Amino acid sequence: MSTIEISKEYIVTSAEHSSLGSQLKWKQDGYWYKADRLGFESLAEVVVSNLLKHSNMERFIEYEPVTITYKEQQYRGCRCQEFKKEKEELISLERLSRNYTSFGLAEMLRRIEGVQERILYTVKLVENLTGLRDFGVYLTRLLELDAFFLNVGRHTGNIMLLYDTEKKEYAPAPVFDMAQALFSDTKNTCPPEKGMVECYHAIVAEPFSGNFDEQLKAANEAFDRHLKFDFPANEMINAVRDMVNGMSGGADYQGAEKRRIGEIIRFQSRKYQYMFRK
C-alpha cells in the first residue's frame, strides 16, 4: 500500500450526494484520491473494482489502496486515475432531468407508484433526452451490481453520463464510486457489533426501491439479466480472501473488516449463483 502526501487543497464534492455524505476527495497528478470517513469505504472500492475484472462489465474504474497524508494527518484511502477526457463532462441523471424538465429525477420518481414503472420512466427519459440506446441494459447492470455488492449509494445524483462537449454526444459513464457497498459504513449503519442479518435490515437500496431484490427483479423483467462473473462462485470467495489478506501497509485494514467482506461475498455468491460461470 503506497503512502501519498496530498499537497493541494481539499476539493468540495458535488451537492448531489446521499444523506450519508461524502468522503474527503482530492485530485493530484492525474489521480483522484478518496479517504475513509465512515468505515472501510476505500477497501470496498478496491474489492469491487478488482472483482469486476472477472465480469462482463464493459467499463469500470479500477481503484488501488493508498495511505493518504494531508495536513499532517494520515487517512486510509484509495485512488483511481482521472478517466474523463479534456472535453468530457460528467452529468448525473438528477442534473439531466433538472436541465430539461425543471424537476429533479428523484422528485419525479417519488410521484410514480410502481418500481418497474420508475425504471421504465428513467430509461425513456434518458434515451429521449440523450439519443442513447440500450440504456435499460446499462441501468440493469448497475442494479445487478448494487444488489450483489449491497451498494447503498446509487441515488439519482450518482448515476452518471459522460457528455462530449465537442461532439455533443452522451455515453454511459464507466462504473465508479462503490464506496458505500459491502456494509462499509461501520460508523453509523453497520457497526462491528451488528451481525450480518441486522446489517441487511439496516441498509436501504436506491433509487427505485428501498429493497435491492425488488428493484433488481423489476429491471430483470424489463431488460433481462446481464451481469456475469467469469469464474465459479467458490473461486470468487477465494479471490476476495486472497485479495484482502494480501493488502498491507501503514494504515492497513483490520481483520474484522476483512472478515466482514469475506462473509458478505460468501453469502451473496450463494444467493446469486446465476451470476456465475458454472
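Helix α1 (residues 41–52) lies across β3, β4 (64–70) and β5 (73–81), running at about 25° to β5. Contact here means heavy atoms within 4.5 Å, while axes are lines fitted to C-alpha atoms, for helices over the stretch in contact, with angles from 0 to 180 degrees between N-to-C directions. Helices (H or I, at least four residues) and strands (E, at least two) are DSSP runs, numbered from the N terminus. The model is predicted, so local features need pLDDT of at least 70 and side-chain atom pairs count only at pLDDT 80 or more, whereas totals for chains, interfaces and linings use all residues. Residues are numbered from 1 along each chain as its sequence is written, and side-chain values use heavy atoms, with hydrogens and water left out.

The strands can be taken next. Strands of a sheet pair through backbone hydrogen bonds, either parallel or antiparallel; two strands count as paired if DSSP finds at least two bridges between them. Five strands make an open sheet in the order β1-β4-β5-β3-β2, with mixed pairing. Because β1 (2–5) and β2 (24–28) stand at the edges with a single partner strand each, one side of each is left without a neighbour in the sheet. From one strand to the next, the twist averages 35°. Strand β2 runs antiparallel to β3 (residues 31–35), joined by five bridges; Leu 24, for instance, has Ala 35 in β3 as its bridge partner.

A hairpin is formed by β7 and β8, with four residues between them, and Lys 168 in the turn has a positive phi of about 60°. Strands β7 (residues 160–164) and β8 (residues 169–172) pair in the antiparallel sense over four bridges, with Tyr 163 facing its bridge partner Tyr 170 in β8.

Aromatic rings come next. Rings of Phe, Tyr and Trp (its six-membered ring) pair if their centres lie within 6.5 Å; planes under 30 degrees apart count as stacked, over 60 as edge-to-face and the rest as tilted. This rule gives 15 aromatic pairs. The rings of Phe 148 and Phe 149 have centres 4.9 Å apart and planes at 75°, so the pair is edge-to-face. One aromatic cluster is formed by Phe 148, Phe 149, Phe 229, Tyr 272, Tyr 274 and Phe 276.
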